[in-house]
Amino acid sequence: MNDIDRKIIALLRDNARLPISELAKKTGVSRVTLQKRIRLLESSGEIAGYTVRLKPQQDDRIRAWMSIAVEGNKAAAIIQDLRGEPAIATLHTTNGRWDILVEIHCDTLGKFDSLLGRIRRIPGVANSETSILLSTRKV
């Protein structure tokens, strides 16, 4: 992968429907070269596919990441409890200081506060740390 490939990927991440002619112009290579580079990126697996971005649901929703440290081997039971919470969007197991990473989406601060309290009371949750997402940048 070279600088042109990285620029192609960055442009496609921003708009995967960008016409080949515009991609070629923005990368400074011919259309033929650009099409070959894209085919190589696809065949090598660097580009695994193209997708549709949906309109964000509600900009005023509270979104947060909660890191959870687990006592002993209680992760499976905690994850099972967490799966029952509708405000939890994703669950990830991790290594290091935190064992579980939880993505939370809530409509109000009151619901958010209640959810944090319920999570902290789950047997086996040793410690947690929560960060509210203020903004998201596209890569």
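## Arg61 and its contacts

In this predicted model, the side chain of R61 makes a polar contact with the side chain of H105, at 3.2 Å. R61 is located in the loop that connects α3 (31-43) with β1 (62-70). Not counting residues up to four places away in sequence, R61 touches H105, C106 and D107. The pairing of R61 with C106 spans 45 residues in sequence, yet their C-alpha atoms are 5.8 Å apart in space.

## Domain arrangement

The domain assignment of the protein gives two domains: domain 1 covers 3-44 and domain 2 covers 62-132. Between the C-alpha centres of domain 1 and domain 2 there is a distance of 40 Å.

## Helix α1

Helix α1 comprises residues 3-14, a total of 12 residues. From its first C-alpha to its last it reaches 17 Å, close to the 16 Å expected at 1.5 Å a residue. At the start of α1, the backbone nitrogen of I4 has a side-chain oxygen of N2 within 3.0 Å.

The buried residues in α1 include D5, I8, I9, L11 and L12. They cover an arc of only 165° around the axis and therefore lie on the same side of α1. An α-helix has 3.6 residues a turn, so residues three or four places apart point the same way. The face of α1 turned away from the buried side carries the exposed residues D3 and D14. Among the elements that cover the buried residues of α1 are α2 (20-27) and α3.

## Asp5 within α1

D5 belongs to helix α1. Why does D5 count as buried? Its relative accessibility is 1%, and the cut-off for a buried residue is under 20% relative accessible area. Leaving aside neighbours within four places in sequence, D5 is in contact with R37 and L41.

## Helix α2

In α2, the residues L23, A24 and T27 are buried. Seen down the axis of α2, these buried residues fall within an arc of 100°, so they line one face of the helix. They pack against α1 and α3. After α2 comes G28, which has a positive phi, near 75°.

## Nonpolar cores

The largest nonpolar core has 19 residues. Within this core, the residues with the most contacts are I68, L82, V102, I104 and I119. At least two residues of the core are supplied by each of β1, α4 (75-83), β3 (100-106) and α5 (109-120). The largest share, five residues, comes from β1.

The surroundings of I104 illustrate the contacts of one of these residues. Leaving aside its neighbours within four places in sequence, I104 is in contact with I62, R63, A64, M66, A87, F112, L115, L116 and I119. A second, separate core has 12 residues, including I8, I9, L18 and L23. Of these, I8 and I9 are buried in α1, while L23 is buried in α2.

Helix α5 has 12 residues. The distance from its first C-alpha to its last is 16 Å, close to the 16 Å expected at 1.5 Å a residue. Its buried residues are F112, L115, L116, G117 and I119. These residues pack against β1, α4, β2 (88-93), β3 and β4 (125-132). Among the buried residues of α5, F112, L115, L116 and I119 are also in contact with I104.

R118 lies in helix α5 as well. Is R118 buried or partly exposed? R118 is partly exposed, because its relative accessible area is 36%, which lies between the limits of under 20% for buried and over 50% for exposed. R118 and D81 are 37 residues apart in sequence, and their C-alpha atoms are 9.9 Å apart in space.

Terms used:
Residues numbered from 1 in each chain as written. Predicted model: local features only at pLDDT ≥ 70, side-chain atom pairs only at ≥ 80, totals over all residues. Heavy atoms only, no water. Domains from an automatic or database assignment. Helix = DSSP H or I, 4+ residues; strand = E, 2+ residues; numbered from the N terminus. Contact = heavy atoms within 4.5 Å. Polar contact = N/O pair within 3.5 Å; in protein donor to acceptor, adjacent residues only side chain to side chain. Expected span 1.5 Å × (residues − 1). Buried < 20%, exposed > 50% of the residue type's maximum accessible area, 1.4 Å probe, protein only. Arc of directions from axis to C-beta. Core = buried A, V, L, I, M, F, W, Y, C linked by side-chain atoms within 4.5 Å.
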